[in-house]
Structure formats: C-alpha cells, structure tokens
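Me: I would like to go through a model and learn how to read its features. Please take them one at a time.

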Amino acid sequence: AALPLPTRDALTGGAFTMDLKAVKAAAARTAGRLHVTPLLSSIGAAEALRRSGGPLLGDGRVRLKSEHLQRTGSYKVRGMLSRVTHMVEHFGEDEVRRRGLITFSAGNAAAAYAWAGRVYGIPVEVVMPAKAVPAKIAACKAYGATVHLVEGHMGTAGELKNKLVTERGLIDAHPFDDPFVIAGHGSMGIEILEQIPEADVV
C-alpha cells in the first residue's frame with residue numbers, strides 16, 4: 001500500500017496528509033453541488049487497445065468517466081470547489097469575499113475557479129494567455145470572473161498573478177499545486193469505485 005503523503009496547505013499553513021481520508025473529505029465538502037457523471041463503455045475501444053498490444057480487458061469493455069458532462073465541462077471543478085469551500089471554512093465567507101481570489105490558467109482551471117467563486121459570491125480574477133481558446137475565455141467571463149489576458153506563455157500569466165496577489169492582497173488560488181485541489185480531483189476516483197466496484201485499474 002502507498003504511504004500517505006504529508007504536506008502543508010500553502011494558504012493556511014496547516015498540516016495536510018494526502019490519503020484516502022483527505023479525498024473522502026473533499027468528496028463530502030463538494031457533495032450535492034456537482035454532477036455524478038456517467039461511466040460509458042466501449043467494446044470498440046477495448047478491441048483497438050487489444051490489437052495495439054494492450055491488455056485484454058476482463059469484460060471486453062473500456063469504461064470512460066464522462067467528466068466532459070461535469071459542471072464547467074471538466075473534472076477541474078471538483079478540485080477548485082474543494083479548495084474554495086475550504087477557504088470559506090477556514091477564513092470565513094465574508095473575508096474571502098472581501099479579498100477575492102486569483103488564479104492563472106489557459107482555460108479549464110480558470111473556468112472552474114470562476115464557477116466555484118460564483119457559488120459563494122466571491123470575486124474571482126483569472127490571468128490567461130491571450131492565445132487561450134476564446135470559448136474558455138468567454139466561459140470565465142460568463143461565470144463572473146474578471147479576466148486578465150497576457151501576451152506570452154503560462155509563465156508570464158503566473159508572473160502577473162503573483163504581482164496582483166502582492167499588490168492587492170488577493171488570495172492565491174493555485175490551479176494544480178494545492179492539496180485541496182488534488183484531493184478534490186481524487187473524488188472522481190471514489191465516484192468511479194461507487195459506480196463500478198470491481199474496477200482494477202483507473
């Protein structure tokens with residue numbers, strides 16, 4: 001069995017252990033607000049996998065977790081809602097609303113933070129590359145986020161995000177390097193095992 005991964009929450013300084021308990025807590029934290037997405041199956045994909053030298057699957061089907069049907073069109077909202085909900089639990093809703101939060105992303109994480117912020121009425125700002133997919137920029141705006149577009153790559157977006165955190169006291173909501181985000185994403189695994197308990201490999 002894998003050993004739990006101890007770490008710290010960069011926002012609160014609190015200890016955090018990445019284990020099944022943390023993932024179950026994230027699932028409970030977001031329960032009732034997200035879709036339970038279906039598991040679809042494909043015999044054709046399983047056969048193509050077998051022909052390419054992959055494993056022979058037990059029942060001859062590949063199962064696909066349809067997270068494209070999740071809120072915001074991506075599994076990312078699982079992690080971002082977990083993170084924002086924990087911010088509210090720790091700092092208080094009024095404080096998080098007063099400060100607002102900011103992230104950087106080319107699309108899915110930005111939209112997910114924008115949606116999660118809207119759930120609590122929290123102002124969200126996102127820094128995105130100007131070359132991001134226009135539909136993803138539009139989605140962030142539709143969820144109520146203030147969008148800052150920058151020329152260059154994600155590193156440039158991260159630099160502006162850091163500058164705005166320092167200058168304006170916004171809460172730094174990291175798009176991936178965050179234990180509450182990771183645990184929230186892990187809730188998808190719990191859902192898969194509830195839907196297909198006999199799963200061997202995800």
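**Helix and sheet**

Me: Which strands does helix α7 lie across?

Reply: Helix α7 (residues 154-168) lies across β5 (101-104), β6, β7 and β8, and runs at about 165° to β5. Axes are lines fitted to C-alpha atoms, for helices over the stretch in contact, with angles from 0 to 180 degrees between N-to-C directions; contact means heavy atoms within 4.5 Å. Helices (H or I, at least four residues) and strands (E, at least two) are DSSP runs numbered from the N terminus. This is a predicted model, where local features need pLDDT of at least 70 and side-chain atom pairs pLDDT 80 or more, while totals for chains, interfaces and linings use all residues. Residues are numbered from 1 along each chain as its sequence is written, and side-chain values use heavy atoms, without hydrogens and water.

Me: What is the order of the strands in the open sheet?

Reply: Strands of a sheet pair through backbone hydrogen bonds, either parallel or antiparallel. Here the order is β7-β6-β5-β8, with parallel pairing. The edge strands, β7 (146-150) and β8 (171-172), each pair on one side only. Two strands pair if DSSP finds at least two bridges between them.

Me: How many bridges join β6 and β7?

Reply: Strand β6 (residues 124-129) pairs with β7 over 5 bridges. E125 has T146 in β7 as its bridge partner.

Me: How many of the residues are buried?

Reply: Buried means under 20% relative accessible area, with a 1.4 Å probe and protein chains only. In this chain, 42% of the 202 residues qualify.

Notes. Buried means under 20% relative accessible area, exposed over 50%, partly exposed in between (1.4 Å probe, protein chains only).
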